[in-house]
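Colleague: Could you take me on a close look at how side chains pair up in this model? I am new to this, so please go slowly and point out each residue as you reach it.

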Amino acid sequence: MTVVCVLLHAGCAYGSPAAILADTTSDNPSGKALWVETPEATLPPAGVPANFNRHLGRHPQPPSGVHLPAPKDHPVVVEEEGHADFTHQDNGPKKGTIRSAVAPGYQYTAPTLQGVVSALDPNKQSPLNTNQALAFSSTASPYKPNAKLIDMSAIRAPLPTNKWWQNLIIEQGVDPIHPYPYVVKCLANASTVGFPKFQATATAMTSNMVSDWQIGDSTGALTQRLVTAYDALGVQVVWSGSNSNSNTKMAARFYKGLPFITYEMTSIAPVLSTIHAILKVEQLALTVNSYGAYSGANATKLASEIADHPSLTQVTLNDGSQWLLVTKPMIQWKQTGNSQLAPEAGSAPFTGILQMAHLGDNPSSNINVLQAYVGTYPTEGSVTYAKIANKQGTGRSADIVYFYKTNTDGGGDTSTVYSPNSVPTSMQLLTFVLPHHVDLLPSSSILSPGLSGYRSAKGPLTAVAGNIITYSQPLDGTQSFEGQHTMSASDKASIQKQLLIDVATNTNVTAPDPYFFGKGIAKIARLYQIAQEVGDSVSASTLKDKLMGYMKPWLMTFTNSDPLVYDTVWGGVVSTAGLADPSADFGQGRYNDHHFHYGYHLYAGAVLAKYDINAFAPLREPLSQLLRDYANPSYADSQFPFMRHFDPYDGHSWAAGLFTFADGRNQESTGEAINAYYSAYLYALALGLQETADFYEIVLNMEATSGRRYWHPTLAQAKAQYIAPFTHNAVGILWASKADFATFFGANPEYIYGIQMIPFTPATRLLLAADWVKEAWCPDGSSCAGGMKPAAESAGSNGWAQFLYTALSVVDRTTALANVAKCTPDDGNTLTNALHWIATSGQQPVG
């Protein structure tokens, strides 16, 4: 057994959940230290802080997910030679690249075509960027981008730090990425593709990460690979030879939710190898015409279709799986040995496309659907966040539009939208959507007959057709600085009395790091907000002075012990300690959890700006730069990447930063992610930036929708999207390829539920649906094993118990009030805030 000291932190993305806990600080939920006793764990990826527990609550990650050497500083080397399609982007995105999420022309053509107007134009400078000098001193991170992995001439800075495909450009770039429903590795000389199989215990749902196929060149001509471009939804990888005169190249654009993995090949001698034995290779006859209907009556027409149609090969492996291989022009695949496929001997080098698709759990049915859509793949993806509107039947909402350029529209005719029944299926794009998309899409969007047997860690994948996907994101219209309800007179009196106590005894902030300091000033800002609401001007004045006093050395004079600095290498604001030591400040210097950390700072700034804009004035520029660090709404910003953490396809943020994990990105604290975008929304409102506020409100509600669906599922949802016996009302950590009923700092149920709620603000109500709270409190009505009720009782009187009882007020005000006052608050909370939340967001008193 190994004993590890772990810091208690809401959203740390290092290591993995603990299995057995000996809590030495049960009376101090923020007490910063838990002694965790765990079985011996595998070594962590390079750069992961050694003081974090690494037991995964699952089988050890495969060796490919473990880096033993210490992290290296990779010198930045600009490659002079590149792919023929590379476009230098010193002056911004150019035609022919897929870096920009809304490529040139999209904002003018696609939204107009669809009658969609963006909430804001991401290609213009944000009003948050006032073109002033950086408020923070500049320095260079010692952790450099690996120029062997990125075409620095094609992708302009600032580089992304938290993309779902981040593993491709950090460390040695060999850890997998997870373009649902597949797992992919991009090696220097080949690509691998696997179809994960999911399994579960009561504490974790995991997937095996077997590479079923390796795709490469039989002559060994491919020797290097580079990430050459990316956009809002995907990434492009190009393999080439070390000889700059070689024409041998292979390229792939990886997007989540594609049934086919597609490789574009130039002068390749393709070879497909599998870890399984190949049982059968069958060249298929063309059975559908270009409209997806069975054909054969018109021999002349069918012959023409065959000449222009990709060739199809069905392969059966000894693990029971079946795969569809698609090539255009045709390749006659021949089996060599037990586990390899290659063209016939003597074939000329291949130039064309190769597509691969697993045939799911019903190959005979799925293949009939898949072959109607072969040959089409996306070349670029964009996301439009439409203007907020009041719609009949759905209320206040905003359309979210995914738009894909495809190879069948000439690589980017933005006036063309291919939707079902408008063009042949062979020109339509076949994609998958996640459960939360299905909840919001019209039923007519779902493909029927569809595809079965495809899933991600978030649940089954559902097929849709067409290169545009539009769903309506509902918006909760009650989000503001105040809660949902007006306080009763008796509640107001109780809050006023407790406020005086907390102002006198619970407003000291001594934490030296950005996270706990942020929690401290946000706690004071909440009291400041509440003082304004209850009309206590004296307390409000005292709290404002305290807030300014604490924020000044951090954001005005920069004289705190761990000052924030601007990193010129990756383009972001990081702590000095975090920059020097990747294990310091929860990986802050490697861009882990910035949205969790800085969301607290922004909340404090938003409240200050609302009530005293003059006092706020000297803080505006540094706070705006912190906001641009984690939620920059502009691609035109040369100092910070666009929306560092947010993933529009999954509808939520990713943490983990510049640390590599075989399970992909992860997020633990949905509550702090909600707080990040709620604070951004309030900040924009306080500054009168309505379009920016609208954009953040949309992102906030997207984060909340995914948070409810995947971290706070009802039992019915959990049973549908996860795998028994992993069927809980809460998920502690959700990864790209697994889910844990645990946290990074312990497996106690109160941690798992509580971390998905904090901090308690009016926005927390977005996560706490009454039906969910009622079910989660006591899910089986008797023993309530695994529910919030025994979790709160086990926590006793600490801050975690206070969080759970505060949440209970949504359905049981009486029990909540009887218990919150007995608890010692977390270091980011006060009893005043708990009482205020119950009064303004919980169940309303009768009478």
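Modeller: Start at tryptophan 735: the charged end of lysine 738 sits over this ring, 4.8 Å from its centre. Keep in mind as we go that the model is predicted.

Searching the whole structure turns up 39 aromatic pairs. In one of them, tryptophan 165 and tyrosine 230 have ring centres 5.3 Å apart and planes at 50°, so this pair is tilted. Find tryptophan 165 in the loop between β4 (138-139) and β5 (183-186), and tyrosine 230 in strand β10 (residues 224-230); the pair therefore ties together parts that are 65 residues apart in sequence. Tryptophan 165 and tyrosine 230 are both buried.

Compare that with tryptophan 800 and phenylalanine 803. Their ring centres are 5.8 Å apart and their planes are at 75°, so the pair is edge-to-face. Both residues lie in helix α18 (residues 799-808), three residues apart, which is about one turn of the helix. Tryptophan 800 is buried, and phenylalanine 803 is too. Rings can also gather in a group: Tyr182, Phe195, Trp213, Trp323, Phe432 and Tyr454 form one aromatic cluster.

Phenylalanine 803 leads us to another residue, asparagine 829. Among the residues that asparagine 829 touches are Phe803, Gln802 and Ala834, and the list also includes Asn506 and Lys523, leaving out residues up to four places away in sequence. You will find asparagine 829 in the loop between α19 (813-820) and α20 (831-841). Its relative accessibility is 4%, so asparagine 829 counts as buried; the cut-off for that word is under 20%. The side chain of asparagine 829 makes a polar contact with the side chain of glutamine 802 at 3.2 Å. A further polar contact joins the side chains of asparagine 829 and asparagine 833, at 2.9 Å.

One joins aspartate 319 to lysine 197, with the closest N and O atoms 3.6 Å apart. Aspartate 319 lies in the loop between β16 (311-317) and β17 (322-328), and lysine 197 in the loop between β6 (190-194) and β7 (198-200), so this pair ties together parts that are 122 residues apart in sequence. With 29% relative accessibility, aspartate 319 counts as partly exposed. Lysine 197 is partly exposed as well, its relative accessible area being 37%.

Next, look at lysine 256 and aspartate 650, whose side chains meet in a salt bridge at 2.3 Å, N to O. This pair links distant parts of the chain, 394 residues apart: lysine 256 is in the loop between β12 (249-255) and β13 (261-268), while aspartate 650 is in the loop between β31 (646-647) and β32 (652-653). Lysine 256 and aspartate 650 are buried. They also belong to a network of salt bridges that links Lys256, Lys458, Asp647 and Asp650.

Aspartate 637 forms a salt bridge with arginine 628, and the closest N and O atoms are 2.7 Å apart. Both aspartate 637 and arginine 628 are buried.

Notes. Residues numbered from 1 in each chain as written. Predicted model: local features only at pLDDT ≥ 70, side-chain atom pairs only at ≥ 80, totals over all residues. Heavy atoms only, no water. Helix = DSSP H or I, 4+ residues; strand = E, 2+ residues; numbered from the N terminus. Buried < 20%, exposed > 50% of the residue type's maximum accessible area, 1.4 Å probe, protein only. Polar contact = N/O pair within 3.5 Å; in protein donor to acceptor, adjacent residues only side chain to side chain. Contact = heavy atoms within 4.5 Å. Phe/Tyr/Trp six-rings, centres within 6.5 Å; stacked < 30°, edge-to-face > 60°. Lys NZ or Arg CZ within 6 Å of the ring centre and 35° of its normal. Salt bridge = Lys/Arg side-chain N within 4 Å of Asp/Glu carboxyl O.
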